[in-house]
Structures are given as C-alpha cells and as structure tokens.
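Walk me through this structure, one element at a time. Begin with the overall layout of a chain, then go on to sheets, helices, loops and the DNA strands.

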There are 2 protein chains.
Amino acid sequence: MIHFDIRRIMEKTDVLAALAALAQDNRLDTFRLLVRAGPDGLPAGQVAAALGLPPNTLSFHFDRLRQAGLVTVRRAGRSMIYAARFDTMRALLGYLTENCCEGPPNRCGPAGKTGRAVILSNKDGVA
Amino acid sequence: MIHFDIRRIMEKTDVLAALAALAQDNRLDTFRLLVRAGPDGLPAGQVAAALGLPPNTLSFHFDRLRQAGLVTVRRAGRSMIYAARFDTMRALLGYLTENCCEGPPNRCGPAGKTGRAVILSNKDGVA
DNA sequence: GGCTCATTTCGACAGCCGTGGAAATAAATC
DNA sequence: GATTTATTTCCACGGCTGTCGAAATGAGCC
C-alpha cells in the first residue's frame, strides 16, 4: 500500500512568520482559543469577548495570524469566523523538531523516559 | 519501576520569550547552528564568522537567546562558548504540542500516516 | 607592564509593533 | 431605504527591535 505524504516542507521564512505571529501575548491567547474551539472555529466577536480585546485590535492580530498561515477566515452572515490551521502548526512543530532539536543524535525525544530531571527557567543561562 | 519525570511545565511568559527569541532571522540561524554543534557549543567568534555578523550584533542576539533560556554561556580562555539548551527547546515543543495542537481530539499526530496531503503557504488564509 | 585577541557595553538611529479612537464597509432586519 | 450589528480600515502615537561604529572590558602572551 502506498502513502501519499505530499507535504511541503516549511520554508524558513514561513517558520519565522509563524513564530513571530505566536510570539505575542494576545495572539498566542487567540490562537490557543481557536485551537480549543476546533476546526469549526469561532466568530471574531466571540474571541474579542473572551479575551477582552477591542475589536479593531483583535482584527489586527487576526491579520497577522492569517498572513502567517495559522488561521483561516470565512464569512457567515455578518460574522467572520476564524479557525486554527492545524496543518501549519504541525509543519511548524516539524521544522522545530528537525532543525532545532536534533544535534547528533536527536536530543528531543520524549523527556520522561530516561528519568532525567529537567530544570527550567535558569534565566542567567550560566552553566 | 519508578520514573523521575520532575519536569517544570513552561509558563506562558517563558514560551513567549522563547518564541520571540526564535522569531528572528539571525537568531534562528544562530540557534540552529548551535543545535548542530551539539552540547559542546561554539565560541562566539566562530558563530559570527559562520553567519557573517559583526560581533557586537551577534552579542545582542546571544543575549536574547540567553534570556529566553535557549542557550548557555561559559568562558574558555578569552572565548565565550555558547551552547543550545535542548531542555528548553523540548519544553517549548511540549507546550506548543499540548496547547496549540490539540483541539478535541489531538490533531497534531504524525502527518503522513493518514495519507492526507498537507498544502502549506496559502498566504490568503481563505478557505 | 604593554600588546593583542575575543567579546561585550554604550550610544544612536531608522523602522516595525501593538494599541485604540473614529470612520468606513458589509450584511441582516424592518 | 434606514437602522442595527459585526467587523474592518485608517490614522496617530509611544515603545521596542535590530543594526552597527566606537569605546570598554577581560584574558592570554611576551
């Protein structure tokens, strides 16, 4: 049996756009909300209400997310319905895993397995 | 048998910092280079040479990466040696997978399995 | 101590970002 | 067509970002 795995590898420029889109408080919240909402998405107003953002500000952020390929829009009556694009998110994770997690050898397999403790938030970054 | 999986979950603020740190051309390049270099890291000058960046500019970016917890520094003679922090990267991927990839149900399992094609870079984001 | 090499800090600058008020557009409802 | 509702576009503003020249720091070497 043959698998069609015709999946375009994400270009670095796309990755940068997606990262920049998610690297903002309100946008990350927005995207997470859409993710939880699933593929049917949510009307803009509902997101605005949930996050307590003025509609024009939110519109600005939606535009960023859309240009980064992280959400889709469709119109339903007078509402604009935004939905997360899981394919892009998956591609982003793929890129990060492949390019930013594997020295030789892969250092980003599931962490728990080895029983090694992972201490985070060492802001100084001094070893 | 008992596993010690004592791993601090990344806070949203840490996630934002890491995303912002990676969402920049030169910094993403820098980090990828360090990842490929593995846990021994690379002296700053070597990175500067590889990427063709003036040393002060690179220093600026290293600082961002360090504050985001994505790299460590140690001094060796007169060189500063930077190394990628795989634990942070792993935590970031964990956060993104959990918070930005699972609607109900998880939509970010490995893509190829279903044979579904994944078309990317639809900049318009119109379905 | 003086000299050189590696890197960081300082200071300045143009440009992008996030925000929100006000006006414009788009669609339903009467 | 007029009104209401949902959302976007326009505009302006303060603040942060990325860059780089110039000076400062730090470490090895003679």
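What follows is a guided reading of a predicted model.

Start with chain A. It holds five helices and three strands. Read from the N terminus, the elements run α-α-β-α-α-β-β-α. The chain has 127 residues, and buried residues make up 35% of them. Now take the contacts in chain A with a separation of 6 or more. Residues 24 or more positions apart account for 53% of these.

Next comes the sheet of chain A. Three strands form an open sheet in the order S1-S3-S2, and the pairing is antiparallel. S2(A) runs antiparallel to strand S3 (residues 79-84) of chain A, and six bridges join the two. Within this pairing, Val73(A) faces Tyr82(A) of S3(A). A helix also packs on the sheet: helix H2 (residues 25-37) of chain A touches S1, S2 and S3 of chain A. The direction of H2(A) makes about 85° with that of S3(A).

Turn to chain B and its sheet. The strand order is S1-S3-S2 in an open sheet of three strands, with antiparallel pairing. The edges are strand S1 (42-43) and strand S2 (71-76) of chain B, and each pairs on one side only. S2(B) pairs with strand S3 (residues 79-84) of chain B in the antiparallel sense, over six bridges. Arg75(B) stands opposite Met80(B), a residue of S3(B).

Two helices of chain B also pack together. Helix H2 (residues 25-37) of chain B meets H4(B) at an angle of about 70°, and their axes are 10 Å apart. That angle is why H2(B) counts as roughly perpendicular to H4(B). From H2(B), the contact takes Asn26(B), Arg27(B), Thr30(B) and Phe31(B). From H4(B), it takes His61(B), Arg64(B) and Leu65(B). By class, this contact of H2(B) with H4(B) has two nonpolar, three polar and two charged residues.

Now look at two glycines in loops of chain B. Gly41(B) sits in the loop between H2 and S1 of chain B. Is Gly41(B) buried or exposed? Gly41(B) counts as buried, because it has 21 C-beta neighbours inside 10 Å, and the cut-off for buried is 20 or more. Leaving aside residues up to four places away in sequence, Gly41(B) touches Leu34(B), Ile81(B), Tyr82(B) and Ala83(B). Leu70(B) is 29 residues from Gly41(B) along the chain, and their C-alpha atoms are separated by 12 Å.

Gly77(B) lies in the loop between S2 and S3 of chain B. Gly77(B) counts as exposed because it has 7 C-beta neighbours inside 10 Å, and the cut-off for exposed is 12 or fewer. Gly77(B) and Ala37(B) are 40 residues apart in sequence; C-alpha to C-alpha, they are 19 Å apart in space.

Finish with the DNA. DNA strand C is surrounded by 20 residues. Which of them are the closest? They are Ala44(B), Gly45(B), Pro55(B), Asn56(B) and Ser59(B). Helix H4 (55-67) of chain A supplies at least two residues, and so does each of helix H3 (44-51), helix H4 (55-67) and S3 of chain B. By class, the residues near DNA strand C are eight nonpolar, nine polar and three charged.

DNA strand D has 20 residues around it. Gly45(A), Pro55(A), Asn56(A), Ser59(A) and Ser79(A) come nearest. Here, helix H3 (44-51), H4 and S3 of chain A and H4 of chain B each supply at least two residues of the surface. The surface near DNA strand D divides into eight nonpolar, nine polar and three charged residues.

Technical notes:
Residues numbered from 1 in each chain as written. Chains lettered and ligands numbered in written order. Predicted model: local features only at pLDDT ≥ 70, side-chain atom pairs only at ≥ 80, totals over all residues. Pairing = 2+ DSSP bridges. Helix = DSSP H or I, 4+ residues; strand = E, 2+ residues; numbered from the N terminus. Near = placed C-beta within 6 Å. Nonpolar A, V, L, I, M, F, W, Y, C, P; charged D, E, K, R; others polar. Contact = placed C-beta atoms within 7 Å. Axes fitted to C-alpha atoms, helices over the stretch in contact; angles between N-to-C directions. Parallel < 35°, antiparallel > 145°, perpendicular 65-115°, else oblique.
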